[in-house]
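Okay, everyone, let's get going.

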Amino acid sequence: MEKFIVVDDDYINNKLCSYIIKKVFGNSEIKCFEFPAEGLNFIKSAYSNLDVSEQTILFLDINMPEINGWQFLDEFSKLEPHVHDQFTIYIVSSSIDPTDEEKAQQHPFVKGYFPKPINASILADVKGS
């Protein structure tokens, strides 16, 4: 079973992501967080003792209040390496700033950058990688 975490302050986008993930991946475990700090706390508590073989795909928005996507990644980087190894992170953003995509491509924890909204074709790419 595939595992996903979606961190985006937009409730509607989270519901849309969940729907499309289930459509492409079938029976998947999906956790959505509108508040990035809650997502980080969940990762800290749920992934600290898991085996590295437990892989999770994380879809992360950039522009969020309180903690933006880059700050989230900064906090994520402070976690133990075995936690990092359990995640494949993709930025999913409506940002039109080309520097955001460049920054995502250069970030060591980010595997890809996708425009919002996620669609079945994007998820097929994720599924194939």
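**A walk through the sheet and what packs on it**

Let's begin with strand S1, which is mostly covered: five of its five residues are buried. Keep in mind as we go that this is a predicted model. If you look at which way the side chains go, Lys 3, Ile 5 and Val 7 point to one side of S1, while Phe 4 and Val 6 point to the other, and all are buried.

Who sits beside S1? S1 pairs with S2 over five bridges, in the parallel sense. Within that pairing, Phe 4 stands opposite Ile 30 in S2.

Now zoom out to the whole sheet. What order do the strands come in? Reading across, you get S2-S1-S3-S4-S5, five strands in an open sheet with parallel pairing. At the edges you find S2, residues 29–33, and S5, residues 110–115, and each of these pairs on one side only. On average, neighbouring strands of the sheet are turned by 20° against each other, ignoring direction.

Moving over to S4, residues 87–93, there are five bridges to S5, and the two run parallel. S3 and S4 are also parallel and joined by five bridges. You can follow a line of partners here: Leu 60 has Ile 91 in S4 as its bridge partner, and Ile 91 in turn has Tyr 113 in S5. Elsewhere, Ser 93 stands opposite Pro 115 in S5. And why do I call S4 largely enclosed by the rest of the structure? Because six of its seven residues are buried.

Okay, helices. H1, residues 11–25, lies across S1, S2 and S3, and runs at about 165° to S2. One residue I'd click on in H1 is Asn 14. Is Asn 14 buried or exposed? Its relative accessible area is 4%, and the cut-off for buried is under 20%, so Asn 14 counts as buried. If we skip its neighbours within four places in sequence, Asn 14 is in contact with Val 6, Asp 8, Cys 32, Phe 33 and Glu 34.

Compare that with Glu 2, in the segment before S1. Glu 2 has 36% relative accessibility, so it goes down as partly exposed. Again leaving out residues up to four places away in sequence, Glu 2 touches Phe 25, Asn 27, Ser 28, Glu 29 and Ile 57. Glu 2 and Gln 55 are 53 residues apart in sequence, yet 7.8 Å apart in space, C-alpha to C-alpha.

On to the greasy bits. The largest nonpolar core has 23 residues, and the ones with the most contacts inside it are Ile 5, Val 7, Ile 43, Phe 72, Phe 76, Phe 87 and Ile 91. The elements giving two or more residues to this core are S1, H2 (36–47), S3, H3 (69–77), S4 and S5. H3 provides the largest share, four residues. Take Ile 43 as an example: beyond its neighbours within four places in sequence, Ile 43 is in contact with Ile 5, Ser 48, Phe 72, Phe 76, Leu 79, Val 83 and Phe 87. Apart from that core lies another, of 16 residues, including Cys 17, Phe 25, Val 92 and Leu 123.

What lines the cavity? That would be Val 6, Val 7, Asp 8, Asn 13, Cys 17, Phe 59, Leu 60, Asp 61, Val 92 and Lys 116. S1, H1 and S3 are the elements that give two or more residues to that lining.

Last stop, a couple of backbone details. Pro 117 sits in the loop between S5 and H6 (120–128).

The other detail is Glu 66, in the loop between S3 and H3. Glu 66 has a positive phi of about 70°, although it is not a glycine. With 68% relative accessibility, Glu 66 counts as exposed.

That's the tour, so let's open it up for discussion.

How values were computed: Residues are numbered from 1 along each chain as its sequence is written. This is a predicted model: local features need pLDDT of at least 70, side-chain atom pairs count only at pLDDT 80 or more; totals for chains, interfaces and linings use all residues. Side-chain values use heavy atoms; hydrogens and water are left out. Two strands pair if DSSP finds at least two bridges between them. Axes are lines fitted to C-alpha atoms, for helices over the stretch in contact, and angles run from 0 to 180 degrees between N-to-C directions. Contact means heavy atoms within 4.5 Å. Buried means under 20% relative accessible area, exposed over 50%, partly exposed in between (1.4 Å probe, protein chains only). A nonpolar core is a set of buried Ala, Val, Leu, Ile, Met, Phe, Trp, Tyr and Cys residues joined through side-chain atoms within 4.5 Å. On a 1 Å grid over the protein atoms alone, a cavity is a set of points where a 1.4 Å probe fits but cannot get out, and a pocket is an open set with protein on both sides within 12 Å along at least five of seven lines; lining residues have an atom within 4 Å of a point.
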